[in-house]
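Welcome! Take a moment to look over the sequence and the structure, and then we will walk through them together.

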Amino acid sequence: MNAREEVLGRIRAALGPACGGPVEVRRDYRRTLYAAGDPLDVFAERVEHYQATVTRVGVGGLRAAVEAALAARGVRQVVAAPGLDPDWLPAAVGVQLLADDPPLPIEALDAAGGALTGCAVGIAETGTIVLDGSRACGRRALTLIPDYHLCVVRADQVVGGVPEAVALLDPRRPLTFVSGPSATSDIELDRVEGVHGPRTLDVLLVEG
Amino acid sequence: MAPTWLGLPARRGPEKFPVAARRALADSQLRRNLRKATTTIRARRAEVVAELDDWEQLRAAGKAIKDQALASLDGYLEQFERAAVAAGAQVHWARDAAEANAAVAAVARAHGAREVVKVKSMVTEEIGLNDALAADGIAAVETDLAELIVQLAGDRPSHILVPAIHKNRSEVRELFLQKIGGVDPALTDEPHRLAAAAREHLRRTFLAAKVGVSGANFAVAETGSLVVLESEGNGRMCLTLPEVLVSVVGIEKIVPTWADLEVFLQLLPRSSTAERMNPYTTVWTGVHPGDGPQEVHVVLLDNGRTRVLADEVGRQALRCIRCSACLNVCPVYERVGGHPYHSVYPGPIGAILTPQLAGVENASSLPYASSLCGACYEVCPVAIDIPEVLVHLRAEVVESKPHRTAESTAMQAMAWVFGDERRFAAAQRAARLVPLSGLVPGPLSPMTRWTSARDLPPIPAESFRAWWQRERGGAPEAGGARMAGGVRAAGGASEVVGVPEVDEAGEAGGASETGGARERGGA
């Protein structure tokens, strides 16, 4: 008997007559935001709790905000996700914009100072940004290799709680849930920001 | 059947938990490190759990979803396999550790890889993958900071979530200075400096890796997706950069639907690292063209799990999502750490999982590595009644013993004395005639292991029965059978409290079920 048939057979034998029995799952937990207040305020507060920054801007001020963020972090070379609105892209002198389209070699991502992307969903409750590999989010390596991630989140992408976000996401796409910059709690269980992923995360929250 | 491999030889000569625990207790640095870490995380977990006013509903849902998955595990595994294969993954099945290790090694060999990068995973530790690969000439590089610390030190993990919890920052600094080539000698023991040193050390390895190896926190039957929660980004590196990815997944990791993750993505981070959400969670489904590994393997592993599934009381241990909250609240774990459990699964969950996976005869002291205080059950995000399973396993240990122990002989003698009113009264009189010191076993007696950790209360000059006889005369009505079944001796007061009387079958109601274990409060 091959391993597959044997393992399945062991499971059926172990369960006996209980095999396949119905189990009721009550989903009487909340589906929306727990915290009181405007979801956007909660989102901003909770993203910042992870030592990331959130800057709230109007649509018209987005390009200037992108340029200001890059300048503040001293990032001179930034790789943009392929599907970003050209109106967002930095045009300031002194910033080199690279397109990840066609995909850059890993070495080029490693040499770049930062990545600029959109997102699929923001979760207020947990201060989480979800990237789904769409053209606005880029492939996974784009937001992993550069040491700086600048993420643009539209107000209408922010939902209250985790259940709302899961319902909006398609697991057939590659998903990355990002809650703050990379971190570790491995030494004395103290959270320390900045290990292998981007050590700095800035979020631009766009309203209007 | 050969004993199930659990990362370490299940039976290490005569060393049982109490022996190893006593040695750990003597290490005051270890106890300081553990107390600091577990106290910190306990407080933080309590805070983030209190933030959700429906925690109990989430917990009940988490339990029910896992029970649902286990009740139809065969069907869900087949469904997972179909969906994963349709998405481009190759699915392998492994009856035991050796088969799983061979499957991973075969993939690495097929690509000529001499080195694989690893995401921290309990299951690959359980099957001893690193040693098995090394025997095949393949180096497995642990990339999680704590796993790296453990690997560099040639040490063993001592905690599910934070394998190097037994080491403090200055010990980690010393280790890095000794073992990582090219580390700045001015390295301080600040955690962010230590993390930066690890980043520097592993960067080239990540960028050059051809084969990645991972476990998974969840496997979604409906979609064939795998999910890994992590903090550092080393997981994302291993799951994204290599051309080939092999994930070893215990068959109990199945959840039926994608929507089920709305529960576990709330339960797990708050219970494990005590955060609203862990920094990174990766979900992948087979091969994603142009993004990440283009050859994806999944190894579905039994390795004793179906044996656990066959035990109606013990199978709840398969609900475990490896959060480690039970370790952090356990008074036993806090004092001795993870090593005395001699398993990759330490703490309360290890005390029920290891004997079941490996067979109670191979870990017979672990079901006793607990005071049955019940804190583990209270914090468990999937409501595993660990004390219930511990008591159940203790019974199995006793039954599995081929010979009588001093304890079972003493208990049998006590049952004989307690079973008859006259014998009981005679024993009480006798006890008062012998000086107390005469009742305490001497240093050579086999009973010292019992008495060294327990205080013997002084025997009163007059028993309750004698007092009753003297004061009221006549035979005490409330004595006899009622005494045996319905009197609690707690606190020394003999008082009949709301305990059901012995029924016709001679079994105190509820005591054989969960009630017996649940009456442990206050310990």
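## How the chains meet

Two residues are in contact here if their C-beta atoms, placed from the backbone, lie within 7 Å. Please keep in mind that this is a predicted model. By that cut-off, the contact takes 78 residues from chain B and 62 residues from chain A. On the side of chain B that touches chain A, helix H3 (residues 55-71) of chain B gives the largest share, with nine residues. Sorted by class, that side of chain B holds 39 nonpolar, 23 polar and 16 charged residues.

Strands also link the chains: strand S9 (residues 175-178) of chain A pairs with strand S9 (residues 280-285) of chain B in the antiparallel sense, over four bridges. Look there for A:Thr176, which stands opposite B:Thr282 in S9(B).

## A look at chain A

Chain A has five helices and 12 strands. Its C-alpha trace spans about 70 × 45 × 40 Å along the principal axes. Of its 208 residues, 48% count as buried. Take the contacts in chain A between residues at least 6 apart in sequence: 71% of them join residues at least 24 apart.

## Two helices in chain B

Now find helix H9 (residues 169-179) and helix H10 (residues 191-208) of chain B, which pack at an angle of about 30 degrees with their axes 10 Å apart. Angles under 35 degrees count as roughly parallel, so H9(B) is roughly parallel to H10(B). Their crossing is left-handed.

From H9(B), B:Arg169, B:Val172, B:Arg173 and B:Phe176 meet B:Pro191, B:Leu194 and B:Ala197 in H10(B). This contact between H9(B) and H10(B) has five nonpolar, two charged and no polar residues.

Key
Residues are numbered from 1 along each chain as its sequence is written. Chains are lettered from A and ligands numbered from 1 in the order in which they are written. This is a predicted model: local features need pLDDT of at least 70, side-chain atom pairs count only at pLDDT 80 or more; totals for chains, interfaces and linings use all residues. A residue is buried if 20 or more other C-beta atoms lie within 10 Å of its own, exposed if 12 or fewer, and partly exposed in between; C-beta atoms are placed from the backbone. Axes are lines fitted to C-alpha atoms, for helices over the stretch in contact, and angles run from 0 to 180 degrees between N-to-C directions. Angles under 35 degrees count as roughly parallel, over 145 as roughly antiparallel, 65 to 115 as roughly perpendicular and the rest as oblique. A crossing is left-handed if the near helix is turned anticlockwise from the far one by less than a right angle, and right-handed if clockwise. Ala, Val, Leu, Ile, Met, Phe, Trp, Tyr, Cys and Pro count as nonpolar, Asp, Glu, Lys and Arg as charged, and the others, Gly among them, as polar. Two strands pair if DSSP finds at least two bridges between them.
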